[in-house]
Amino acid sequence: MSEGDISRALRRIGHEILERNKGSEGLLLLGIPSRGVPLARRLAACIEEVEGTAIPVGELDITLHRDDLRRNPVRTAHRSRIPAGGIDDQVVVLVDDVLYSGRTIRAALDALSELGRPRAVRLAVLVDRGHRELPIRADHVGKNLPTSRDERVHVRVAEVDGLDVVRISGGESR
Amino acid sequence: MTKHLISSADLSRTEVEDILETAASMHDLQRREVKKVPTLRGRTVINFFFEDSTRTRSSFEIAGKWMSADTINLSAKGSSTSKGESLRDTAMTVDAMAVDALVIRHNASGACHQVAQWVRCSVINAGDGTHEHPTQALLDAYTLRTRLGDLDGKHVVIVGDLTHSRVFRSNVITLGTLGAHVTVVAPPTLMPSGIGAWSQADGFATSWDLDPVLDGEGEHGPVDAVMMLRVQRERMSGGYFPTAREYTVGYGLTRDRLERLVARNDDVLVLHPGPMNRGLEIAPEAADSPQSVVLDQVSAGVAVRMAVLYHLLAGEDTPAPLPASAPEGAVR
């Protein structure tokens, strides 16, 4: 996906979120670090452009809720930044770059349940690459990328990496 | 990250910064309704305290519980130690119960290092004799960083009974790791022998005279924070200083000294590892002043100890086999 593709996908997701929610009332976007965070900010900017009202954006660090902690070297946990109003009775849209096994989202749901009780939780991802290991699906998808497990999906966003691009590498040549 | 935390010198700058960053996220947890994360579920942490302690022991226990680890407290009194069991046997007995971490406070310097040679689990030093108290140094660094930002080039003055202080030793190392300048002040009788060798290090200075240092006339100039150490009452009869009154006049943070400090720098911080002897090393006016961050230190204690447990225990399972033959030598 090129820079243009990413921007068009985010714009469409922004519209979908608004359509589904019938406006921006009670909406709250939470990005999952690291690349979900800038994506959430851009989505919020898209939504503000359409609706004219700013919606709260935060970050949700899920490190402490991961189920693979014992399989990997320790990762530093970072602070979650939750908008001042909290998440109670809001419609929380989780934003991440790639949806793969679904385990990150499970951890995010656990982390959310400790912060409060949202009215609803939705999931927006830039790329869905399949291979789910848990019964989790995205409500809003930028692009479905059928991949094999030995391929890698690289998402680069300007805020973190200096450029916007989605690439697939490894596996059999396609 | 190392397996054990015995000395503040075990931690590189990156590791200290990682722990403090994690501690910040743990600190947020304390303000939540549900103060619990599942991160260390299934891990067992034993707090073995051979010496009395309020804040260190309770904060390690809370830290473990909020991380969902099972924490068990043992003290010398009421354990087999009072029946004459050696430290080695006690440590190996506890280790044989397949615990994941042993948090130890002991009156002998080097006890934690010694225990780490005998057991498979992680060993965390919660204060050993007059040697070190690394988690205290981390929580002090956390408290300072929260208020002062990056500690590079910041000037911290540590005052009091240096000879018998493990808090001071760990703090000098950790603050040095983070690039802070440290001046230590003590009466000649309470200045550790051989500290001259330490002062070769960058950003480290010693003084026998408190007032010029507080006035910013010392080697490192203006003061950003003052850490008062507890005068251990059991030392009073040791001939280290003539009377309590004389100590206060020479080295206490009196109301007068606080006023002069604040006149120079309104944002100066006053730290004390506790428990405080009000009126001896720190005047009540200083302990309760807006500059005092003593209670911030306590609240940071839980967050920092959660971060330490997380960094030592959350990673890959690497079950080391029991040592075939444990080395000789026992700490009593």
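Chain A of this predicted model contains four helices and seven strands, where helices (H or I, at least four residues) and strands (E, at least two) are DSSP runs numbered from the N terminus. Their order from the N terminus is α-β-α-β-β-α-β-β-β-α-β. Local features need pLDDT of at least 70, and side-chain atom pairs count only at pLDDT 80 or more, whereas totals for chains, interfaces and linings use all residues. Residues are numbered from 1 along each chain as its sequence is written, and chains are lettered from A in the order in which they are written.

**Overall dimensions and packing**
- The radius of gyration of chain A, 16 Å, agrees with the value near 16 Å for a compact globule of 174 residues (C-alpha atoms; 2.2 Å times the number of residues to the power 0.38).
- The C-alpha trace of chain A spans about 45 × 40 × 30 Å along its principal axes.
- Of the 174 residues in chain A, 48% are buried (under 20% relative accessible area; exposed is over 50%, partly exposed in between; 1.4 Å probe, protein chains only).

**Backbone features of chain A**

**Backbone feature of chain B**
- The Gly274(B) to Pro275(B) peptide bond is cis, with omega near -10 degrees; Pro275(B) is in the loop between β9 (269–271) and α11 (284–287).

Conventions:
Heavy atoms only, no water.
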